[in-house]
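Colleague: I have a model open and would like to learn how to read it. Can we go through it feature by feature?

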Amino acid sequence: VTATNAIGSGSGEFSLVVVSPPPPPVIESVVVVNEKDLNITWIPPDAPVDQYGVLIKVDSGADSRKRQLSLEEEGGSKEFITNDTHYLYEDANLTLTYIIQVRSERGGVFGEYSAPYNFTYSDSPTPAPSFCWWWVFLPIVLVLLLFCCILWVLLLLCCCLFRDRREKISNQDENSHSSVQSGGMEQVCGIEETFVEMKTNGDFA
């Protein structure tokens with residue numbers, strides 16, 4: 001390539017790379033999540049793709065008042081760019097009918113849009129409820145906690161009964177010991193009194 005102007009001319013070599021537009025993907029499903037968002041998924045084409053453009057439009061047959069509730073700044077449509085094979089459109093108006101299309105991009109060149117996917121809330125498949133293992137183990141945990149509480153109460157009762165029993169035995173031993181000491185002292189006193197009396201009566205030489 002040679003370029004010429006009033007100052008002079010110059011030449012150079014350039015390589016021209018022709019990039020063909022990538023084929024469109026195929027929209028697989030549109031599902032309502034979190035009761036207000038649309039999760040859009042698609043199958044990528046059999047060709048290298050850099051990113052995708054997701055075009056979301058409000059059905060032109062919808063009431064004009066409803067159309068203002070969504071995508072009003074874009075005149076009823078907007079394209080979102082993503083590198084994934086899915087896109088989450090948040091805060092959707094589930095009273096509307098949406099027309100969704102996806103196209104591929106490679107090297108700055110966009111391909112054609114996919115076939116339109118009309119979505120209404122009544123057509124959305126209900127996501128399968130996720131299985132939570134916590135609800136399986138919760139009754140078992142509650143039963144174990146109840147069993148531990150009952151066992152703990154029984155242990156406390158046994159400890160209290162054992163302590164009361166030991167105090168009663170200790171009190172009985174003390175009373176018995178006091179009785180023995182009192183009886184011994186009475187016997188000693190009686191012997192002394194007998195001895196004094198015998199001595200008084202002259203029984204001892």
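Modeller: Start with Leu88. Setting aside neighbours within four places in sequence, Leu88 is in contact with Val33, Asp37, Leu38 and Asn39. Contact means heavy atoms within 4.5 Å. Leu88 belongs to strand S7. The C-alpha atoms of Leu88 and Asn39 are 4.5 Å apart, although 49 residues separate the two along the chain.

Colleague: What should I know about the source and the numbering?

Modeller: This is a predicted model: local features need pLDDT of at least 70, side-chain atom pairs count only at pLDDT 80 or more, and totals for chains, interfaces and linings use all residues. Residues are numbered from 1 along each chain as its sequence is written, and side-chain values use heavy atoms, with hydrogens and water left out.

Colleague: Is Leu88 buried, partly exposed or exposed?

Modeller: Buried means under 20% relative accessible area, exposed over 50%, and partly exposed in between (1.4 Å probe, protein chains only). Leu88 has 33%, so the residue counts as partly exposed. Of the 205 residues of the protein, 20% count as buried.

Colleague: Which strands make up the open sheet, and in what order?

Modeller: Strands of a sheet pair through backbone hydrogen bonds, either parallel or antiparallel. Strands are DSSP runs of E, at least two residues; helices are runs of H or I, at least four; both are numbered from the N terminus. Two strands pair if DSSP finds at least two bridges between them. Here three strands form an open sheet in the order S3-S4-S7, with antiparallel pairing. S3 and S7 (86–89) stand at the edges with a single partner strand each, so one side of each has no neighbour in the sheet.

Colleague: How many bridges hold each pair?

Modeller: S3 (residues 26–33) and S4 (residues 37–43) pair over seven bridges. Ser29 stands opposite Thr41 in S4. S4 and S7 pair over four bridges, and Ile40 stands opposite Tyr87 in S7.

Colleague: Which residues touch the most others in the largest nonpolar core?

Modeller: In soluble globular proteins, nonpolar side chains tend to be buried together. A nonpolar core is a set of buried Ala, Val, Leu, Ile, Met, Phe, Trp, Tyr and Cys residues joined through side-chain atoms within 4.5 Å. The largest one here has 19 residues; Leu38, Val54, Tyr89, Tyr98 and Ile100 touch the most other members. The elements giving two or more residues are S3, S4, S5 (51–58), S7 and S8 (98–106). S5 gives the most, with four.

Colleague: Where does Lys57 sit?

Modeller: Lys57 is in S5. Its relative accessibility is 28%, so Lys57 is partly exposed. Lys57 and Tyr98 are 41 residues apart in sequence and 5.6 Å apart in space, C-alpha to C-alpha.

Colleague: And what does Thr82 reach with its side chain?

Modeller: A polar contact is a pair of N or O atoms within 3.5 Å; within protein, one must be able to donate a hydrogen and the other to accept it, and residues adjacent in sequence count only if both atoms are side-chain atoms. The Thr82 side chain reaches the backbone nitrogen of Asp84 at 3.1 Å. Thr82 lies in strand S6 (residues 77–82) and is buried, at 10% relative accessible area. Beyond neighbours within four places in sequence, its contacts are Trp42, Gln51, Tyr52, Val54 and Tyr87.
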